[in-house]
Each structure stands twice: as C-alpha cells, then as structure tokens.
Amino acid sequence: MTMFRIVPVILLQVFVSVSVLCHSAYAQAKKSNAGKGTAINTAAIRQMAYADSLRLVDTYKDLHQNPELGFMEVRTSGIIAKELQSLGFQVIIGIGKTGVVGILKNGDGPTVMYRADMDCNSVKEITGLPYASTKTMKKEDGTETPVMHACGHDAHVTWMLGVARIMLSMKDQWKGTLVFLGQPAEEPLTGARAMVADNMYDKGVPVPDYLFALHTWPIPTGTIENGPGVRFSGSDQLDVTFFGIGGHGSRPEVAKDPVVMACAAVMQYQTIISRGIAAQDAAVLTVGAIHAGVDNNVIPSSAVVKLNLRWFNEKTRNVLLDGIMRINEGIAVSNGLAADAYPKITMKGNVNPLVNDTALTAKVNAALKGVLSPAGIDTEKPSSMGSEDFQHLIKPGQKTVYNYIRVGTAHPDLYAKAIAEGKLAPYFNHNGNYQVDLSAIPLGTVIGATGLMALFKQ
Ligand SMILES: [Zn+2]
Ligand SMILES: [Zn+2]
C-alpha cells in the first residue's frame, strides 16, 4: 500500500547523501527563519526530517522485518549504538541486557532523556505488507513463536534516529545534555526497571530533569493525544499456580484436580471488581492464559493461571491483590489442601500509572502547534487502561517530570473508512494487522525533535 501523502516531491529529490541534504536543508531553513528570535525553528526541523525520509523509511522497514522480543534486541540496539556513535554521541551499551544510551553534552542547560522502546510482540503479522515480518523467535521457555512489531516500537526507534541527526545539526539552537535511550522489554513492563537496576545512573548516564517519549497510536497521522495528568493505568502481571494431586482421569476421587480449581478461580476473580470496587473507580482483571495438563485422561498435578491487572491507585490495586489471594485460599480450603499446597502467587511485573506533568505537557503542546494543526492536538482524551514502564526510568528519589505523547500513525483514509464502518480504529496495537502509516515516519521525527527542542527551552 502506498502511504506517502505529505512529501512525495521531497522523497523523489533525495538522491544525494542524506547528511549533506540535512545540512543544506538546515542552512536554507535557518536563513528563511532568520530574525525570529529564540522560537523553535520548526521550518528547519521539518525540512531536515523530510529530507531524511528515504533513509528513515528504509530504517523503519528494516526494523519492521527484523523484530526482536524483550531483552533479545541485540540487532536493534546495535543499529542504535552504531548510528549514535557515528554522530559523535558517547554511547553506552548492554545496560539491562540490551539497553543502549547515547549522550551529547552541549553546554549548560537541562538534561533531557528521550526514550524509544525496542521490543516486539509474539504476534503473527497478517498485514500482507511487502515488508511484513515473517520471523519467528525462541522465547525464554524454548517455544518458537511468530514475532512482529505490533506496537510500533520499530517506529519509535526510527523516530529517535531521525531526531538525533536533527538535534545534532541544530546544536547551536539548544543548550544542555541530551540523552537518547533505547529501552529493552517494554512489553513485559520490565525493561525500564532493568536498566535502572543495572545502575545506569552510576555508569555515566546523566540523571534527567525531563523525560520524553512518543508512542504510535491508531489515530490519524497528523494528530496526537497529549493531555496532562494520568494517561495510563498502573499494572501488575502475576501467575497463580494451583497445586493438586495428579492421577488417572477415571479416578478423580483419589486425586485433587487443579484444573477445576483454576477454572473456579477464573470465574471468582471476575467478582472482585464487579462486587468489591466502587463503580466510579476503574480497574481491569484479565486472565490471559491457563496452562495445565497434556493428556485427555490424566489429571495434572498443577495448573497455572496468568493474570493481568490495571488500576489507577494503590487502594484499588490492594483490593485486587487481596481478593485474588482470598479466592485462592478459599479454593484451597474447599478442596481440602494442606497448607503447604496452597496456591502460589508469582509477581512478574509491576508499573505505576503514567502521569504527564501539566506544565511540561503544555510547553510541548505549545511548540507542537508550530508543526500540527491545533485541532490535531487532543489534550482531552480520558486516561486509558493501557500501561507503560517508561516512567520507571526515573532514578528512585529523583523528581524527574515527563511528557509522553501518543502519536497518530494510522493512515487517515483507513481511519476514516473504519469510522464510517462504525469501528473505533482501523486496527489496534498488538493485533497482527497493526500498521504504521509510512508518512508518519518523517512526521513523528518532526514531532519528536520539536518536543525535545521545547524541553530545552528554559
Ligand atoms: Zn505494546
Ligand atoms: Zn508499545
């Protein structure tokens, strides 16, 4: 599908070295913007991003065809490290396994960290695009799974590499320390903490005053959602293992069936929110997987239930966790299990709600009015039950504030068609048909660079 709508002419013109083009685009735009004081030179940003389009789209397609699961982003982080190194950034690799950081010190000013997550999903791509992923990967448990960038993290990395060149070319327009960060394993919500736990702030990574990130979203290209306050819920991932006594399928009376226990638990869990949490208070409890047994006629000795929780405050989180524990114990009691065979809870990942700083968000939005139509900047969207671990890049005890933008990456025609058909969007993150409109590649780069420039303005 051809998706370029905004800059076909510029794309046809890109036959010479991108760096030369970037430089001349900047020089030209700088001239045309002369005398405009300290305002962000969005004309220069725009020209450089679009002059870099072919390279960026190639990078995007390459990343899209080579997705890597969390903590396995060796190729992706290598691409980031190589590019930032070639631009003269101080690069640190291998933080939290595959995390990578590039640092550019440019005088006195704030320290701003720009984050791109790198991992993909265990999803089979069904877009039919010529650059669709056909890859499979071995998961940690040894199982082979199809993999795909179904959350747009390939676009995040591409944007960051585009933004890096622009920020370097415009070094005379900002002062401070710029940190680009390629984060592993956002999907399991553990990668940000892994980088902090690997002592990145003691290994030379400057502690940021401001954190900044963009995420693809299935709203039209040219629009963003960037409201202040709570944007994403907090989340927990946990496994509950029910222990029974295995046996022959014909003799349940001498066994204790963990499959029945797990099924009872799944149904009872659903009453925690409906009966235990006020209707005004939002929460989600999803069981995403139940693993038990192999054969038709064998009662297994254990069953694992995999849960995902979403909440906006600690009180609600505690109601969910307490409820799960009580239900587990109730099932153990009703099945006559000994205390040492009570179900076991394994906490696997946890993130707090994502809360955009009000002043910072307003500052970024004001700057983005120079590159997007005001109607394209939505600050009113209610918070979502999605979750992020980006905010856990903050060093514990630090008062770093942040802005996190959802950037429209759905082709406007596909979006309009979906709305006309009564759908909410043409596709959603984590689906095999998720797509990033290629014209959002240069535009996202413009949004990223403009937002960063705004954060460096005092
Ligand atoms: Zn995702
Ligand atoms: Zn994502």
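Predicted model: local features only at pLDDT ≥ 70, side-chain atom pairs only at ≥ 80, totals over all residues.
Let's start with the open sheet. It has 4 strands in the order S12-S14-S10-S15, and the pairing is antiparallel. At the edges sit S12, residues 283-292, and S15, residues 344-351, each of which pairs on one side only. From one strand to the next, the twist averages 15 degrees.

If you'd like a pairing to look at on screen, take S12 with S14, where S14 covers residues 302-311: these two are antiparallel, with 9 bridges. Within that pairing, Ala289 has Lys306 in S14 as its bridge partner.

Now, which helices pack on this sheet? One is H8, residues 258-276, which touches S10, S12 and S14. The direction of H8 makes about 175 degrees with that of S12. Another is H9, residues 314-334, and its contacts are with S10, S12, S14 and S15. For H9, the direction makes about 160 degrees with that of S14.

Is S6 buried or exposed? Here 8 of its 8 residues are buried, so S6 is largely enclosed by the rest of the structure.

S6 also has strand partners to show you. Strand S2, residues 99-106, runs antiparallel to S6, and 7 bridges join them; Asn106, for example, has Gly176 in S6 as its bridge partner. Strand S3, residues 111-117, runs parallel to S6, also joined by 7 bridges. In S6, Leu181 stands opposite Arg115.

Notes. Residues numbered from 1 in each chain as written. Chains lettered and ligands numbered in written order. Pairing = 2+ DSSP bridges. Axes fitted to C-alpha atoms, helices over the stretch in contact; angles between N-to-C directions. Contact = placed C-beta atoms within 7 Å. Buried ≥ 20, exposed ≤ 12 C-beta atoms within 10 Å, placed from the backbone.
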